[in-house]
Amino acid sequence: MPAVSPVHPRLAEVTRRIVERSRESRERYLARLDAAASKEPLRKGLACTNLAHAWAASPEGDKIMMREMRRPNVAIVSSYNDMLSAHQPLETYPAIIKKAAHEAGATAQFAGGTPAMCDGVTQGQPGMELSLFSRDVIAMSTAVALSHNVFDAVTLLGVCDKIVPGLLIGVLQFGHLPAIFVPAGPMTSGIANSEKAKIRQLFAEGKCDRTELLASEEGSYHGAGTCTFYGTANSNQMLMEIMGLHLPGAAFVHPNTPLRDALTAAAGRRAAQITNVGNEYIPVGRLVDEKVVVNGIVGLLATGGSTNHTMHLTAAARAAGIIIDWSDFDDLSAVVPLVAKIYPNGTSDVNQFHAAGGMPFLTRELLKGGYLHEDVHTVMGFGLHRYAQEPFLIDGKLEWRDADAESGDEGVLRRIEKPFSADGGLRLLDGNLGRAVIKISAVKAEHRLVEAPAMVFHDQDEVLEAFQRGEMEKDVVVVLRFQGPRAIGMPELHKLTPVLGVLQDRGFKVALVTDGRMSGASGKVPSAIHITPEALAGGPLAKLRSGDVIRLDAEAGVLQAKVDSQVWASRERAEADLTAHQHGMGRELFASFRQAATGAEEGALSLGLAH
C-alpha cells in the first residue's frame, strides 16, 4: 500500500460542510436506494410474462441461467456511434463484456443506447445549442434502459463531454445497482496541439487558407479514440478513475489494443462479482458519497481539468443527494497543487501524461500529500490505494503493479513535493455582474488582471465580424450575453478562442465575460464563464452597455462593472430578441428544460449552476 498522509485540513473542512449541507437530501436518497435493493436477483420479483419478454431473444443457455434466478445479469448501456472517434471503438465492447460475464458465471444483455454528440463537430454550429441539453437526455435514456428491473449490475460505455456526466446522473437514479464505467481510451498522438492552435490563429488572421487549416485539423484528429488534448472528454476519464468508477489505470489506454480489450473484459467480470448476489456488493449510490465527490474535485484541480465539470460534477453529486457548489471548488483550489500540465495547460497531450505515469502516479502522489480521501469505496473494493497501480498484460493475463516512484517526464507530471503551482488554478469570481468561474492554470500571470471597456454582443458571429472589421484592435472585454441555458442552451464558445488569442498576442489586454460556456480545451485568454444568473433570467449582465469599464481580477476573485452605483441601480436591462436568433434549436426543442434550467434556485442547482 502506498504512503497515505492524513487528509489536508482544508479537504477535511470542505468535506465536513458538504456532509452537513447534504444531510437531509443524502438520507432521502439512501432510503430510496435501500428500498429498491434486494438480496437476490431483482428479476425474481417480476411476473412470468415480464420475464418471458425480458429474455425472449436471448440464447438458450442464457435463458437457462436466468430462469435459475441465482446468477447475476449485467446491463450494458452504450453511447456507441461510428461518427464519434472516441465512441467508435465501443462497437466491439458488448461482445467482450458478454463473454467475460459468462466466464464469471453471469449473463449480460445490451440494455439500451444513449445519444452521443460531438462538441468538436458542432462547435460554433447550430447543433451546439443542444449540447448541454443532451446531458439530461442521456441521463433519461440511461434510466429508460435500466427501467426494466431485470439487471443486477451495469457497465456504462461512454467517453465524451456530456455523455459520461449523463450516464452517471442516469445510473445514480438506480443507485442500488453496482456500476462500472468502461472507457475507450485516447487516439494516438497527431500533430502537436500547440501547432494546431497556431494554425487556427493564422487562419483567423487570414494568413493561411482552408486547405492548410483542414490539413492541420486532420493531422490532429486522425483516428479512433478520444481527442488527445485535456478537455472535458479526457477530464471525464480522469474523474471516473479517481472516483473509483473505472478499473485502476483504465482511463488512457489506447483503443483496439490487447490491454484495452483485457480491461474491458475485466470490467465485465468485475461487474458480475460486485452484485447483491455475491459477497462484494458495492451499489453505485453508496460508492458515490461525499468523500468520493471531493476526490473528484481534487482530481480536476490537480490536473487543470475542464471548467465544464463545475456544472457536471455539481449536477451528478446532486443526483446522489450530495450538494456541492462553486465555493467548494474555490476553497479547495486554494490549497490543491497543480501537478500535471496537459494541453491547453501545457504542451503535452494525454498520451504523454499517461506515459509519464498517468493516473496511478497522480493518485499515489495526491494520497501521499493528503489531498485525497483514501477511505472510500471503489469498484475494486474499499480503499483508493488500489488506484495507485498500473495495469499490464503479462502472458495474456491482466496484472496490476505499483506506480513508478518517479515521473517519466517532469514537464507533464510531477511529484507532490514540487508541483507546477501551489494551487489548482480555478477561481470563483463575484461582483455586481453575478458569479462566474474562471480557469487560470493556462493564463499567464500578466493576463490575470484585465480592466478595459466592454464590447457587448448577443451572438458569437457578431464578435468574429467585429474582429474582421478591425474594431477590436484595443484593450477590450468581450461580453457575450444571452447564451445561457434558458436562452439558447448555453453553447460552448470555443470558436472565439483563436481571435481572442490573436488580440492577446498583439499585446492587448483581452478577456471574455459570458453566461455561456467555453470549451474544456480553452486556456490562455482569461474567461469569466457560466455567469449566473444568466442575462435572460434577469441577471445583471443584461444591464451592461458597450463602453462600460469592466474589472476582471482572477487572483482577487472580482468581476465588476465600474459603473456609478446609482446609475447601475436605475439602468434597465437590455432585452434579447431570441426570435431573430438564427439557430434556435435549443429554444424550440427544449422549452420545458429551459424553463426548469434557471427558473428557480432548485433548477439552477440541478444544472450545476451553483449559487
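How many of the residues of helix α14 (residues 309–319) are buried?

Modeller: First, the ground rules. This is a predicted model, in which local features need pLDDT of at least 70 and side-chain atom pairs count only at pLDDT 80 or more, while totals for chains, interfaces and linings use all residues. Residues are numbered from 1 along each chain as its sequence is written, and side-chain values use heavy atoms, with hydrogens and water left out.

Now α14. Of its 11 residues, 10 are buried, so the helix is mostly covered. Buried means under 20% relative accessible area; exposed is over 50%, and partly exposed lies in between (1.4 Å probe, protein chains only). Helices here are DSSP runs of H or I with at least four residues, strands are runs of E with at least two, and both are numbered from the N terminus. The buried set is H309, T310, M311, H312, L313, T314, A315, A316, A317 and A319.

After α14 comes G321, with a positive phi near 80°. G321 also leads to another helix. S22, in helix α1 (residues 9–36), is in contact with G321, I322 and I323, leaving aside its neighbours within four places in sequence. Contact means heavy atoms within 4.5 Å. S22 is buried, at a relative accessible area of 0%.

Next, a covered strand. In β13 (residues 510–514), five of five residues are buried. V510, L512 and T514 point one way; A511 and V513 point the other way. Strand β12 (residues 476–480) runs parallel to β13, joined by five bridges. Strands pair if DSSP finds at least two bridges between them. V476 stands opposite V510. β12, helix α19 (residues 497–505) and β13 form a right-handed β-α-β unit. Right-handed means that, with the strands pointing away from the viewer, the path from the first strand over the helix to the second runs clockwise. β13 also pairs with β14 (residues 527–532), parallel, over two bridges. There, L512 stands opposite S527.

Last, an open sheet. Four strands line up as β2-β1-β3-β4, with parallel pairing. β2 (107–113) and β4 (179–182) are the edge strands, each pairing on one side only. The twist averages 25° from one strand to the next; axes are lines fitted to C-alpha atoms, for helices over the stretch in contact, and angles run from 0 to 180 degrees between N-to-C directions. Six bridges join β1 (residues 73–78) to β2. I76 has F110 of β2 as its bridge partner.
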